[in-house]
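This briefing is intended for a reader who is meeting the structure for the first time. Please keep the sequence and the 3D view at hand while reading.

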Amino acid sequence: RVFIPCPERTKIELSIVSNGRWGLLCSHPADYTPVCTTELGRMAKMASEFQKRNVKMIALSVDSVKDHHGWTKDINHYIGEPHVQNLPFPIIADEKRELAVQLGMLDPAEKNKQGLPLTARAVFVVGPDKTLKLSILYPATTGRNFDEILRVIDSLQLTACKKVATPVNWKAGGECMVLPNISDEEANKLFPKGIRTENLPSSKTYLRFTPQP
């Protein structure tokens, strides 16, 4: 189980991480909505990539389990797999919006036909140590980029075990950066593939790059 801090400074307990796995929780405004359908379809298509990275995926919507089952058929049809009955991840039925409220997922600017606020497109990534590693909040009208979420998870998993940071637009296999608190002597021992230091007008040597360890 994992505790996720929320705006009210309380903690919400979710069973999304176990046996050293990572966790990905994504909230959705509602079932049978266009953007959400494309998002869950993309999640389903990318499930094997998240599985390779030992990431357990969970979705959340404010509709019922019955609606989830019906919506799943539409999602699978949309991605060209109409004979598949299930999705490769569960969808939490948060009908009373209890989790959405406690986790700060509601978008006050977007409301349904009943005037109730919709769930924003929240993303939570949780590490094997059961702590929150990343949170991103998209408005209800903007679909998420799951290729970017996967890229961020690659960075989180790399930097959790190696003393590097990942620069702008980094992708797995790309050049990494040596952490500022590592001396040149230690860096040479840690990164036998070599270190490239950028020459700067300030003559400071803080831009140090190394092949991905």
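The model is predicted, so local features need pLDDT of at least 70 and side-chain atom pairs count only at pLDDT 80 or more, while totals for chains, interfaces and linings use all residues. Residues are numbered from 1 along each chain as its sequence is written, and side-chain values use heavy atoms, with hydrogens and water left out.

**Nonpolar cores**

- A nonpolar core is a set of buried Ala, Val, Leu, Ile, Met, Phe, Trp, Tyr and Cys residues joined through side-chain atoms within 4.5 Å; buried means under 20% relative accessible area, exposed over 50%, and partly exposed in between, with a 1.4 Å probe and protein chains only.
- The largest nonpolar core comprises 29 residues, and those with the most contacts inside it are Leu-24, Leu-40, Phe-50, Phe-89 and Val-125.
- Among the elements that give two or more residues to this core are strand S3 (22-28), helix H1 (34-45), strand S8 (121-126) and helix H5 (146-161).
- H5 gives the most to this core, with six residues.
- Helices (H or I, at least four residues) and strands (E, at least two) are DSSP runs, numbered from the N terminus.
- Beyond its neighbours within four places in sequence, Val-125 is in contact (heavy atoms within 4.5 Å) with residues including Trp-22, Leu-24, Leu-134, Ile-153 and Leu-156.
- A second, separate core has nine residues, including Leu-25, Leu-60, Leu-103 and Met-105.
- In soluble globular proteins, nonpolar side chains tend to be buried together.

**Two buried residues**

- Thr-210 belongs to strand S13 (residues 208-210) and is buried, with a relative accessible area of 0%.
- A polar atom of the Thr-210 side chain lies 2.8 Å from the backbone oxygen of Gly-194.
- Not counting residues up to four places away in sequence, Thr-210 touches Val-164, Glu-175, Cys-176, Val-178, Phe-191 and Gly-194.
- Arg-144 is placed in the loop between S9 and H5 and is also buried, with a relative accessible area of 8%.
- At 2.8 Å, the side chain of Arg-144 reaches the backbone oxygen of Ser-27.
- Leaving aside neighbours within four places in sequence, the contacts of Arg-144 include Cys-26, Ser-27, Glu-39, Tyr-138 and Ile-149.

**The largest pocket**

- A pocket is found on a 1 Å grid over the protein atoms alone, as an open set of points where a 1.4 Å probe fits, with protein on both sides within 12 Å along at least five of seven lines; lining residues have an atom within 4 Å of a point.
- The largest pocket holds about 150 Å³ of space, a volume being the space filled by probe spheres set on the points.
- Its lining includes Val-65, His-68, Gln-85, Phe-89 and Ile-91.
- H3 gives the most to this lining, with four residues.

**Loop residues**

- Pro-88 is in the loop between H3 and strand S5 (91-93), and it is in contact with Ala-44 and Ala-47 when neighbours within four places in sequence are left aside.
- Pro-88 and Met-105 are 17 residues apart in sequence and 23 Å apart in space, C-alpha to C-alpha.
- Tyr-32, in the loop between S3 and H1, has a positive phi near 55° and is partly exposed at 44% relative accessibility.
- Lys-130, in the loop between S8 and S9, has a positive phi near 65° and is partly exposed at 42% relative accessibility.

How values were computed. A polar contact is a pair of N or O atoms within 3.5 Å; within protein, one must be able to donate a hydrogen and the other to accept it, and residues adjacent in sequence count only if both atoms are side-chain atoms.
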